[in-house]
Amino acid sequence: MRRARLIVGGLGLLMVTGGLVWAGTGLQHFGHVHSRYGTHLAHAAVPQRAATNSVVAIAFDYRGFDTLGEEFILFISVVGVMVLLRAIRGDADPRKGVVQAETRQASDSSRWLGAAIVGPLSVLAAYVIVHGQLTPGGGFQGGVVLMAALAFVGLGGEYLLLLRLRRSATLPELADAAGAAGFVVIGLGGLISAGVFFQNFLPKGSPGNLLSGGMIPLANISVGLEVAGAVLMVLSELLDQRLMGARR
Amino acid sequence: MNALIAVLLTLVAAAGLVTVMIREPARQAIAVGILGVLLALLFFVLQAPDVALSEIVVGSVALPAMLFLAIAKIRQDEAGGEDEDR
């Protein structure tokens, strides 16, 4: 039995290794990629879309439909996590566990670090989101930075603040849903005004200005909201699970 | 390929190996965070700052935070399973 497994495993390993080596010989040389489509888009982004960051121009304009799919992959996986975790939680109120958390507060240094870093990180997140069409960054990058800023609130031991943020207004849920819907609405705007899904329908502006790239800044803002809301939902739900105490 | 890329590639490979070799989950979460930072540096050196920006936050903050919360919850459940008064 063990012998048979070794033979099957060895054969598989040999085939995978051979396949990888064979595939590797067909690759382009390191650092010398010649893609006609890529070169064309890199040259077309500024004259056609007034966006100096061609990466974001491709993600949110030329290939906006692909990004829509990716956005909904994140959306659906977060919904899946929420369904699982909330079914486990049932009717239990996480606030009962907060008393327990308060007695175990974070150390002074991590509270101070958390408090000091929240403001600058939030500003950085807003900067990265709204400058997506100009410099490296954009909705996804800014969204995760925003999420990190809010996660530092939790690190600073402000469990209560994070819980209130989530409990009262269900702010991350709203941001997640509004961001996902906003991106679809932007695509529909192109469909209505120009007859093509994700066709730009806003004034392009001049390259290098904050308001340039047509619909790209709007798309960045909605994706930023969605990403920050989605990751924050998962983190705070996990935090709730932790605060609820042991399940029996 | 210049020396900086070679050094970073080696460091990423080493960090990946270390992450797998450590068998204790909480330490693994820290190691995977360090791997995230190294990967972000590599992406930056390879002229992909957009990817580096995502990787540095997801790899070094979001992923370890989720792992830590999950590990804490599992330990809590295991402790609760042994003590009757929890």
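Mentor: Here is a close look at one helix, its helical neighbour and the interface. Please keep in mind that this is a predicted model.

Let's take α3 of chain A, which spans residues 54-62. Its neighbour here is α2(A), residues 36-49, and the two helices pack at an angle of about 75°, with their axes 9 Å apart. Since angles from 65 to 115 degrees count as roughly perpendicular, α2(A) is roughly perpendicular to α3(A).

Now look at the residues where they meet. From α3(A) come S54(A), A57(A), I58(A), D61(A) and Y62(A), and facing them in α2(A) are L41(A), A42(A), A44(A), A45(A), Q48(A) and R49(A). Sorted by class, this helix contact has seven nonpolar, two polar and two charged residues.

Because D61(A) sits in helix α3 and R49(A) in helix α2 of chain A, the pair ties together parts that are twelve residues apart in sequence. Over all chains, the count of salt bridges comes to three.

Next, turn to the partner chain. The contact draws 25 residues from chain A and 23 residues from chain B, and the area buried between them is about 2000 Å², with carbon and sulfur atoms giving 71% of it. Our helix takes part: α3(A), α7(A) (139-155) and α10(A) (216-243) each supply at least two residues of the side of chain A that touches chain B. Of these, α10(A) gives the most, with seven residues. By class, that side of chain A has 16 nonpolar, six polar and three charged residues.

Technical notes:
Residues are numbered from 1 along each chain as its sequence is written. Chains are lettered from A and ligands numbered from 1 in the order in which they are written. This is a predicted model: local features need pLDDT of at least 70, side-chain atom pairs count only at pLDDT 80 or more; totals for chains, interfaces and linings use all residues. Side-chain values use heavy atoms; hydrogens and water are left out. Contact means heavy atoms within 4.5 Å. Buried area is the accessible area (1.4 Å probe) that two parts lose on being put together, summed over both. Helices (H or I, at least four residues) and strands (E, at least two) are DSSP runs, numbered from the N terminus. Ala, Val, Leu, Ile, Met, Phe, Trp, Tyr, Cys and Pro count as nonpolar, Asp, Glu, Lys and Arg as charged, and the others, Gly among them, as polar. Axes are lines fitted to C-alpha atoms, for helices over the stretch in contact, and angles run from 0 to 180 degrees between N-to-C directions. Angles under 35 degrees count as roughly parallel, over 145 as roughly antiparallel, 65 to 115 as roughly perpendicular and the rest as oblique. A salt bridge is a side-chain nitrogen of Lys or Arg within 4 Å of a carboxyl oxygen of Asp or Glu.
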